[in-house]
Amino acid sequence: MWSADLFARALDFAAKAHGEQKVPGSGFPYVTHVTKVALEALRACVEEPSLDANLALACAVLHDSLEDAGVTRAQVELEFGAAVAAGVQALTKDATLPKDKQLADSLARIRREPREVWLVKLADRITNLEAPPHYWSLEKRRKYRAEALEIHAALGAAHAALAARLEARAEAYLAYCREPGDG
Ligand code: NI
């Protein structure tokens, strides 16, 4: 059974780390994003009880805390253990690489982690394929959708139902990828 205490502890950690950070577009507090990602991941674990839901939940709640909030891997390891820290590290883009190499690099590192970490990346992009911020260009939206398909191709094998959800979201997202006035 997954631990509500662990989830609450991770959520507090993330809330503190993300501070005043907002979700781009909606402007909601950033913890709403990581909570949605955790719910997607939890749903997958409920469907498949052999998965380690605690690992998935902790990685989901903490997945952006290294990348966006300036937390260190050592802090995550101290609070949540080595497996969670390794998962969160894999989910973090390497900012020292050129931008166009960062996703493929992160996906390759995620694939070396347990399936619970793969789930979090699928869940993250499912969550992020809500309506894009209004100021995103058509090019950026199309690139974002193409990335979603890349994530699906690399990690979809981790969980059929989540992969199907990502595919459906990417299909619906096409509506944001058309020239104004297109069909
Ligand atoms: Ni995220």
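Q: Let's start with one residue. Is L103 buried or exposed?
A: Buried means under 20% relative accessible area. In this predicted model, L103 has 7% relative accessibility, so L103 counts as buried.

Q: Where does L103 sit, and which residues does L103 touch?
A: You will find L103 in helix α6, which covers residues 99–110. Setting aside neighbours within four places in sequence, L103 is in contact with K93, K121, E147, E150 and I151. Take K93 from that list: K93 and L103 are 10 residues apart in sequence, and their C-alpha atoms are 6.8 Å apart in space.

Q: Could we try a charged residue? Is E40 buried or exposed?
A: The relative accessible area of E40 is 9%, so E40 is buried. E40 belongs to helix α2, residues 31–47. Not counting residues up to four places away in sequence, E40 touches A123, I126, T127, L162 and R165.

Q: Now for helices. How are two packed helices described?
A: The description uses the angle between their axes and the distance between the axes.

Q: Which residues make the contact of α8 with α9?
A: From α8 come R141, Y144, R145, A148, L149, I151 and H152, and they meet A163, L166, E167, A170, E171 and Y173 of α9. Sorted by class, the residues of this contact are eight nonpolar, one polar and four charged.

Q: How do α1 and α4 cross?
A: The axes of α1 and α4 come within 12 Å and cross at roughly 155°. That makes α1 and α4 roughly antiparallel to each other, because the angle is over 145 degrees. The crossing of these two helices is right-handed. On the α1 side, the contact is made by L6, R9, A10 and F13, and on the α4 side by Q75, V76, E79 and F80. The contact of α1 with α4 has five nonpolar, one polar and two charged residues.

Q: Now the rings. How many aromatic pairs are there?
A: Rings of Phe, Tyr and Trp pair if their centres lie within 6.5 Å, and by this rule the count is four aromatic pairs. One of them joins F13 and F80: the ring centres are 5.4 Å apart and the planes stand at 90°, so this pair is edge-to-face. F13 is in helix α1 (residues 4–18) and F80 is in helix α4 (residues 73–80), so the pair ties together parts that are 67 residues apart in sequence. Both F13 and F80 are buried.

Q: What about Y173 and Y176?
A: Their ring centres are 5.3 Å apart and their planes are at 65°, so the pair is edge-to-face. Y173 has 1% relative accessibility and counts as buried, whereas Y176, with a relative accessible area of 32%, is partly exposed.

Q: Which residues do ring pairs link into a cluster?
A: The cluster holds W136, Y144, Y173 and Y176.

Key:
Residues numbered from 1 in each chain as written. Predicted model: local features only at pLDDT ≥ 70, side-chain atom pairs only at ≥ 80, totals over all residues. Heavy atoms only, no water. Contact = heavy atoms within 4.5 Å. Helix = DSSP H or I, 4+ residues; strand = E, 2+ residues; numbered from the N terminus. Nonpolar A, V, L, I, M, F, W, Y, C, P; charged D, E, K, R; others polar. Buried < 20%, exposed > 50% of the residue type's maximum accessible area, 1.4 Å probe, protein only. Phe/Tyr/Trp six-rings, centres within 6.5 Å; stacked < 30°, edge-to-face > 60°. Axes fitted to C-alpha atoms, helices over the stretch in contact; angles between N-to-C directions. Parallel < 35°, antiparallel > 145°, perpendicular 65-115°, else oblique. Left-handed = near helix turned anticlockwise from the far one by under 90°.
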